[in-house]
Amino acid sequence: MSRKFLETESPGWVADGLISEAQQQQLLARYPADAPTLGLLPLLGSVLVGLSALSVVAANWQALPAALRLALLLGSLLGSYGAGAYFLRRGIADLGHGLIGLGLILFGASIILVSQLYQLVGYDVSGLLAWVVAGTALSYVYGSRLLVLLTVLIGAAVQTYCVQVLGSFSYATAALVAAGLGYYWWRRPAVVSSTVLAVGLLWQAGLLVAVLHAKITWFFVPAMAIYAAGDWQANRAGARALQGPPLVAAYLFMFGLATFGETDTYANVLRPPLLPYLASLAAVFGLSVAGKRAHGRLNTLLDWLLLLPGFYLPGGLPLAVATLVVLYAHAGSVLARAHRNQDSDQLTLGAVLFVAATAVAYFKLTWAFLDKSLFFLLGGVLLLGLSWYLRRRNAQTLAASAASAPPADTAATTSPDAPIQHS
Amino acid sequence: MPNLLTWASDPARRRPLLRLLVAAQVLYVLGVAGAGYATTALGQHIVLATTPVDPRDLLRGDFVRLRYTISEAPLSQWREAAPPRRRQGVFVLLAAGADSLSTTVGIYPTAPTPGPNQAVLRAWVTDVYRHSLTLRFNLERYYVPEGSGLRREKAGRLHPLRVHVSIAPWGQARIARVEDAGAAKR
């Protein structure tokens, strides 16, 4: 229940005599004020202030003597850390974390501007690696989601710089983000930072594949390794938040394959050597299955449908049919699971996935007329049948729970001695 | 054993840890500055010939964009069977000529051992053509105070410049000084 709802509604309940004032206080005590949520404003604020400071100073930068420039950088660095710590001690958490974040940004800016001041050329990323180290350490000390977000962003930026400017992949940066923030996620799997971490790691995996000039399907080995890590996480929400981005990537890939794969134009980009690729993917799959089994989540096993390496099939009709079958099967599995768990969000997602699969089938139909008309019909019939079936089962389960739940509820809230009725 | 996260974020430990972290960051920035001085003091000195191009940048005041004569090299100087790839990191072996200007002896995929009077400068391949390749050294921008002497050289854009580069033993390089060869001869 939302604290806000309780705060606005409970005075009315007291006035109507539904609950006593003491019970109102008890209820309020039961739902303490929400933990401070991630402040998007302080993040934005610190970024903007950092940027403005950068551009103002930078405009006059070359005119200042070197020692003054160094002092200016270090002064603002110390100032924002000091102010951040001060506000945190005063209990103003959002502003405090924002200022600590600004300090972290200024540290990176100092490294870059001082190298420029002395016209230094770095030939590796070690200069910027310290930035990621500082971000990780600060995240640990403050346990702040804002700092975790910043560190993931910094890690991605450093890696992008390394790949773009230096033409090499920094394994140290990737390992630092994966291990340092991975451990943080393991201990504190908050939903937002889990998703951000997964996206950041996927970005680095993508850069690695690009640098190695590898087939793009290799991307899914590290991506699904991130997914498998989620299977070992005890916290269900944090696990799903980490698994979301890899699944979205896999789905988009499968979707693209279903839409464009038929022509076989991309065959040379998509097909890595069969045995090494399947072996690596199977290893990650094993890890994932073991984690699912350990935490009793084998019902999510069908997520892996999206990773079926259908791109080894010859392009054309076999590939199109196979990917569409997989898309339908996956959407069906999401729907079935959502229904079993009575999860309305997942139910919506499943329906959207199903419609998307049908849309691809429809697209194919308009492309080459008769071949896929059967497929489209099948999709429509399936959709109609499933919606009818789901609605019916929904109504049944709702009716069943309505019949059994209220007596149990009143029994629990009024008197422990009241007879518990079961229908 | 308590986990690392609760250990680090314990309020009692937070203040000393923050001080330690901030001190480390300040030292690191000072270390980068120190590396600048050390590169000049300890580094190997080479002189490269350039022509300045387009000396104006809106955001960061003035810089001179330098185009080195060694930025373009014939493919025959590439010392490996496999052709160079774009964005590949390479090592350029330089030797000082009669007028103390360094010229390319060879371009290697891994670091060669320089002989006497030779230096190794790292670079990245920007483009590969049929008979030549172009290189980037990350030394292409020389930042100058606004309205300084070099700014006036915009008019005499064709003046060749002599760029003094220091290469540190640990591989970092920096432009130590830029002098106007045309003005020196006048």
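**View 1. Chain B as a whole, in a predicted model.** Among the contacts in chain B between residues at least 6 apart in sequence, 61% join residues at least 24 apart, where contact means heavy atoms within 4.5 Å. The model is predicted, so local features need pLDDT of at least 70 and side-chain atom pairs count only at pLDDT 80 or more, while totals for chains, interfaces and linings use all residues. Residues are numbered from 1 along each chain as its sequence is written, chains are lettered from A and ligands numbered from 1 in the order in which they are written, and side-chain values use heavy atoms, with hydrogens and water left out. Chain B has four helices and ten strands, these being DSSP runs numbered from the N terminus (helices H or I, at least four residues; strands E, at least two). Of the 186 residues of chain B, 48% count as buried, a term that stands for under 20% relative accessible area, with exposed over 50% and partly exposed in between (1.4 Å probe, protein chains only).

**View 2. Strand β4(B) and the strands that pair with it.** Strand β4 of chain B, residues 89-96, is mostly covered, since six of its eight residues are buried. With strand β6 of chain B (residues 118-128), β4(B) pairs in the antiparallel sense over seven bridges, and two strands are said to pair if DSSP finds at least two bridges between them. Leu94(B) stands opposite Ala119(B) in β6(B).

**View 3. The hairpin of β4(B) and β5(B).** Strand β5 of chain B, residues 102-108, runs antiparallel to β4(B) and is joined to β4(B) by six bridges, and Ser102(B) in β5(B) is the bridge partner of Ala96(B). Five residues lie between the strands of this hairpin, in which Ser100(B) takes a positive phi near 65°.

**View 4. The interface of chain B and chain A.** Here 46 residues of chain B are in contact with 43 residues of chain A. Between them the two chains bury about 4100 Å², 65% of it on carbon and sulfur atoms; buried area is the accessible area (1.4 Å probe) that two parts lose on being put together, summed over both. Leu5(B), Gln25(B) and Val29(B) supply 17% of the area that chain B buries against chain A, more than any other three residues. Across this interface the rule finds zero salt bridges, a salt bridge being a side-chain nitrogen of Lys or Arg within 4 Å of a carboxyl oxygen of Asp or Glu. The largest share of the side of chain B that touches chain A, 17 residues, comes from α2(B).
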